[in-house]
Amino acid sequence: MGLRIGGEIEKENGDELSYSDFVERYLMKNRPVVLRGLMDGWRACKDWVTHTGQPNLEFFSTHFGKSIVQVADCGTREFTDQKRMEMSVAEFIDHWLKDSANYHVNATTNEHGKPLVYLKDWHFVKEYPEYLAYTTPLFFRDDWLNLYLDNYSMHNEPDACQEKNEISCSDYRFVYMGAKGTWTPLHADVFRSYSWSANVCGKKKWLFLPPSQSHLVFDRHEYVFLHIYSVYNICEDVNEAKFPGFKKAVWLECIQEQDEIIFVPSGWYHQVHNLEDTISINHNWFNAYNLSWVWDLLLKDYNEAKEYIEDVRDICDDFEGLCQRNLAANTGMNFCDFFIFIACFSFANLVQLYHLHRVNENPSWCLFPKAQHLALNLLSAQKIVLKMKTVDALAGDHALLLDLRKMMDDSKFLELCSGLDRTYRGIHKEQQQNYDKKETLMDGLGDLDFIVKSCSQIYAPEDLVSFIDSAVKKLSRAFNRESPLLPELDELRSPDAQ
């Protein structure tokens, strides 16, 4: 069954694109794009590539050979993914050097029948923080996911958060390495996050399916680990009985060259093939512009998991708890985890806004790009929390989730606030400041009475709604009413929004 190709992904010169243009044209519209000119000066482009443009495998063996990494067997399917195994980088390089020379076209094995292996999901930044392989391009720095995971764990249940459980306990900054012919099956990214992928060397072929057509690649009658599953390999014959809509799908194609970065929007299914020996750097990330995608995925996975185990409800002492544990195991977080994440960033954005108000004598400070950005973040978070209010699974839990006064004394939260400040100063080209001392950023924050009142204790979504509402009212009284912080912030206090 041949694929229907409906077009190609557009390419832009990234050094000629402003941040606001990128947001308006790609983030907000959830559109893919390939960006050039953003990798100049990367150490990875020098150290990891030979003078002939090939992967410098000897460099990896010498400097990082002892690292233990996940490697995919491109010739063996295991459930909805390729079979994974662990080996050292040195062992992987040895495998590559021995076998890739025997590779022949249109195969996932070499001529001796050995599978091609693909190093995936190497947490390189976490493992080698002193080795500055690259600088995250400006367009992708508003990364709440990795900033949060640099300071917290996404899921804190002891039996679910083990050292090797990378989905919940590490970051989402990866290095991928694979010989010509290695590939990744059809999928949408974890959490329905954005992702970006930079080709340090080599060439990739991407095939994209817009979210509006994703239903065409699913078998609605079969579950794998509580999930309905999609087509595995769109380049092979697809069973029309299981996937009757597949032939209607219209794909976008992209050939990504060396030194190009591709932006993958939320919810776009894609399959990727290495056309040459390739090394890439990949990040998953989300922020205010795609929080709704994350929540929609959580809610969908929760409803599917709940329906799948409905028959044990009557014999289960904690059916809801079981649903949430299954959700965390399969998706990487549950409702409570995501709510705490949203609450943490809501408070961090309020800290930034109050700090801007304190340090700026200019009455129009609220029109500064950074202030507008922070306000938009709050608006997005508030909208998600209002959606969460309608879910019974959260409404029934009255355990204390967060104490915001205690959070102010938490060094992890200060690091989060400092990281957020550095991010937005970089994006909006403001002068960087040193926040080594807690008092610099947090001084005077306790003077705001909304912090010390009862709403600083968060038990449920409605408490966070009240907290943000109270904070916005307090800050609004300090604003120049002729230049409001953000007109949309009035929606936060609108009865219709509640």
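A residue counts as buried when its relative accessible area is under 20%, as exposed when over 50%, and as partly exposed in between. The model discussed here is predicted.

Q: Why is F140 called buried?
A: The relative accessible area of F140 is 0%. Buried requires a value under 20%, so F140 is buried.

Q: How many aromatic pairs does a search of the whole structure find?
A: The search finds 51 aromatic pairs.

Q: What makes the pair of F22 and F140 edge-to-face?
A: The ring centres of F22 and F140 are 5.8 Å apart, and their planes stand at 80°. Centres must lie within 6.5 Å for a pair, and planes over 60 degrees apart count as edge-to-face; the pair is therefore edge-to-face.

Q: Where in the chain do F22 and F140 lie?
A: F22 belongs to helix α1 (residues 19-27), whereas F140 is in the loop between α5 and α6. The two are 118 residues apart, so the pair links distant parts of the chain.

Q: Why is F22 called buried?
A: Its relative accessible area is 0%, and the limit is under 20%, so F22 is buried.

Q: What values describe the aromatic pair of F64 and F124?
A: The separation is 5.0 Å centre to centre, with 85° between the planes. Because planes over 60 degrees apart count as edge-to-face, this pair is edge-to-face. F64 lies in helix α3 (residues 57-64) and F124 in helix α5, 60 residues apart.

Q: How do you know whether F64 is buried or exposed?
A: F64 has 4% relative accessibility. With the limit for buried at under 20%, F64 counts as buried. F124, at 1% relative accessibility, counts as buried as well.

Q: Which residues have the most contacts inside the largest nonpolar core?
A: They are F22, W48, W122, M177, F338, F341 and F413, in a core of 122 residues. Helix α10 (residues 335-359) gives the largest share, 15 residues. Domain 1 (5-285) and domain 2 (290-492) each contribute at least three residues to this core.

Q: Why does the second largest pocket lie between domain 1 and domain 2?
A: Both domain 1 (5-285) and domain 2 (290-492) give residues to its lining, so the second largest pocket lies between them.

Q: What is known of the space and lining of the second largest pocket?
A: The space in this pocket is about 680 Å³. Its lining holds 25 residues, of which V125, T136, D150, R173 and H283 lie nearest the centre. By class, eleven are nonpolar, seven polar and seven charged.

Q: Which helices each supply at least two residues of the lining of the second largest pocket?
A: They are α5 (124-127), α6 (144-149) and α14 (411-427). The largest share, five residues, comes from α14.

Q: Why is W293 called partly exposed?
A: W293 has a relative accessible area of 28%. W293 lies in helix α8 (residues 291-308). From W293 to Y194, the C-alpha to C-alpha separation is 9.6 Å in space, while the two are 99 residues apart in sequence.

Q: Why is D121 called buried?
A: D121 has a relative accessible area of 18%. The limit is under 20%, so D121 is buried. D121 is in strand β6 (residues 117-122), and its phi is near 55°, a positive value in a residue other than glycine.

Q: How do you know whether R192 is buried or exposed?
A: R192 has a relative accessible area of 17%; as buried means under 20%, R192 is buried. R192 sits in the loop between β8 (183-187) and β9 (194-201). Its phi is also near 55°, a positive value in a residue other than glycine.

Note on methods:
Residues numbered from 1 in each chain as written. Predicted model: local features only at pLDDT ≥ 70, side-chain atom pairs only at ≥ 80, totals over all residues. Heavy atoms only, no water. 1 Å grid on protein atoms, 1.4 Å probe; cavity = no way out; pocket = protein on both sides within 12 Å on 5 of 7 lines; lining within 4 Å. Points joined across faces, edges and corners; volume = space filled by probe spheres on them. Helix = DSSP H or I, 4+ residues; strand = E, 2+ residues; numbered from the N terminus. Nonpolar A, V, L, I, M, F, W, Y, C, P; charged D, E, K, R; others polar. Domains from an automatic or database assignment. Phe/Tyr/Trp six-rings, centres within 6.5 Å; stacked < 30°, edge-to-face > 60°. Buried < 20%, exposed > 50% of the residue type's maximum accessible area, 1.4 Å probe, protein only. Core = buried A, V, L, I, M, F, W, Y, C linked by side-chain atoms within 4.5 Å.
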